[in-house]
Structure formats: C-alpha cells, structure tokens
Amino acid sequence: MAENPPQQLVTQPPAALLQELGSQGKCKAEEFTSYDELKVTGGEKNPQILACPKCRSKILRAEKAILISREISLPCITQKSSIGSEPPDCEVVKQLWLVEEMMTFENVGFSNTVGTSIKYLTCADCEIGPLGIHDLNNPKEFLVAARRVKYASN
C-alpha cells in the first residue's frame, strides 16, 4: 500500500484567488444595459442577469423570470441607513419580473413585514431598495421592478 505524500499547508491564498473571491457574486461587465435597451415584451424571460443598480451584485441569473405588466406602488429607492420616520414617497411601477421561487434569486434581501403581508425586496449586499415586492398571501410570486435593476451579460 503506497503512502500518500503529506499535504502542504497553504497559509495564504494566491492573489488571483483572493481577487476572484472578492468579486464573486458581482457582475464583471463594464457596461450595463437599461430596461429600455432590452426590448423585451410581456411573457418573455429575462435575457440578461439582473444586477443591483448600486453595487453590481447579481440578483437573478438570465432566463429565470418572466416579464409581466401590472401596476404596483413601491416606495422610492433608498438605502436602509437613510430610512427615516417619515412615510416614503411612492411611485407606480408597471413592468415587473415574476420569479416563482425564493431560492431562484442569487442575492436578494427581504424587509420586515410591512402591514400584514408585504415584504420589500432589496439588495442583500448594500441594502438598497425596494427593488421589488413579495406579498405573503401569494407565496409563489416575487416581483422585481424592471426599471429598478441593471442588466448585464455576465
């Protein structure tokens, strides 16, 4: 029976590995596409990765959501640290990406429950949001506002 040679203990990972780990979960694209440049219509799947508009974290892989048209009211985008006691201004959004399973997301956070059944979707890394909404009464419906995210091919 041959003996295995002793394993070498690596005390510091190589610089390339550190760089890869640091950018893991981030879109590497230098240029992002806006929703208007995508030219998708209702019922189509997202052709590109959905990314955080601030920190570039991947929120959802390509081909994982379906575009739907529905009017919903979302508070204007803020970061968690800038939320005050004043009620936020809201805007109506009409183009939404429908995701049916929570585990489909790459990187998304959820707010505490607002009212009796609403949770807002945020970037899990930088906490900017709301990027979308989840109504607890519809467990298979997670909605991401199409104009509140960036799009990347990688």
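Predicted model: local features only at pLDDT ≥ 70, side-chain atom pairs only at ≥ 80, totals over all residues.
User: What makes C123 and C126 buried or exposed?
Analyst: Buried means under 20% relative accessible area, exposed means over 50%, and partly exposed lies in between, with a 1.4 Å probe and protein chains only. C123 has 0%, so C123 is buried. C126 has 13%, so C126 is buried.

User: Why is T122 called buried, and which residues does T122 touch?
Analyst: The relative accessible area of T122 is 16%, so the label is buried. Contact means heavy atoms within 4.5 Å. Leaving out residues up to four places away in sequence, T122 touches V108, G109, F110, E127, I128, G129 and L131. T122 is found in strand β7, residues 118-122. Strands (E, at least two residues) are DSSP runs, numbered from the N terminus, as are helices (H or I, at least four).

User: What makes R61 and E106 a salt bridge?
Analyst: The term asks for a side-chain nitrogen of Lys or Arg within 4 Å of a carboxyl oxygen of Asp or Glu. For R61 and E106 the N to O distance is 2.6 Å, and the side chains meet in a salt bridge. The pair links distant parts of the chain, 45 residues apart. R61 is in the loop between β2 (58-60) and β3 (66-75), and E106 is in the loop between β5 (90-99) and β6 (109-110). R61, at 49%, counts as partly exposed. E106, at 38%, also counts as partly exposed. By this rule the count comes to five salt bridges.

User: How do you know that K94 and E71 form a salt bridge?
Analyst: Their closest N and O atoms are 3.7 Å apart, and the pair forms a salt bridge. K94 lies in strand β5 and E71 in strand β3, so the pair ties together parts 23 residues apart in sequence. K94 is partly exposed at 46%. E71 counts as exposed at 55%.

User: What makes E101 and K140 a salt bridge?
Analyst: The N to O distance is 2.3 Å, and the side chains meet in a salt bridge. The pair links distant parts of the chain, 39 residues apart. E101 is in the loop between β5 and β6, and K140 is in the loop between β9 (132-135) and β10 (142-145). E101 is partly exposed at 38%. In general, side chains of opposite charge can pair when their charged atoms come close.

User: How do you know that β3 and β5 pair?
Analyst: Two strands pair if DSSP finds at least two bridges between them. Eight bridges join β3 to β5, which run antiparallel. P75 stands opposite C90 in β5.

User: How many bridges join β5 to β10?
Analyst: Four bridges join these strands, which run antiparallel. The bridge partner of V99 in β10 is F142.

User: Why is H134 called buried, and what does its side chain reach?
Analyst: H134 is at 6% relative accessibility, so H134 counts as buried. H134 is placed in strand β9. The side chain of H134 reaches the backbone oxygen of E141 at 2.9 Å. Residues that H134 touches include F110, S117, I118 and F142.

User: What makes β2 and β11 edge strands?
Analyst: Three strands form an open sheet in the order β2-β1-β11, with antiparallel pairing. β2 and β11 (150-152) each have a single partner strand, so one side of each is left without a neighbour in the sheet.

User: How do you know that β1 and β2 pair?
Analyst: Strand β1 (residues 49-51) and β2 pair in the antiparallel sense over two bridges. L50 stands opposite L60 in β2.

Note on methods: Residues numbered from 1 in each chain as written. Heavy atoms only, no water. Polar contact = N/O pair within 3.5 Å; in protein donor to acceptor, adjacent residues only side chain to side chain.
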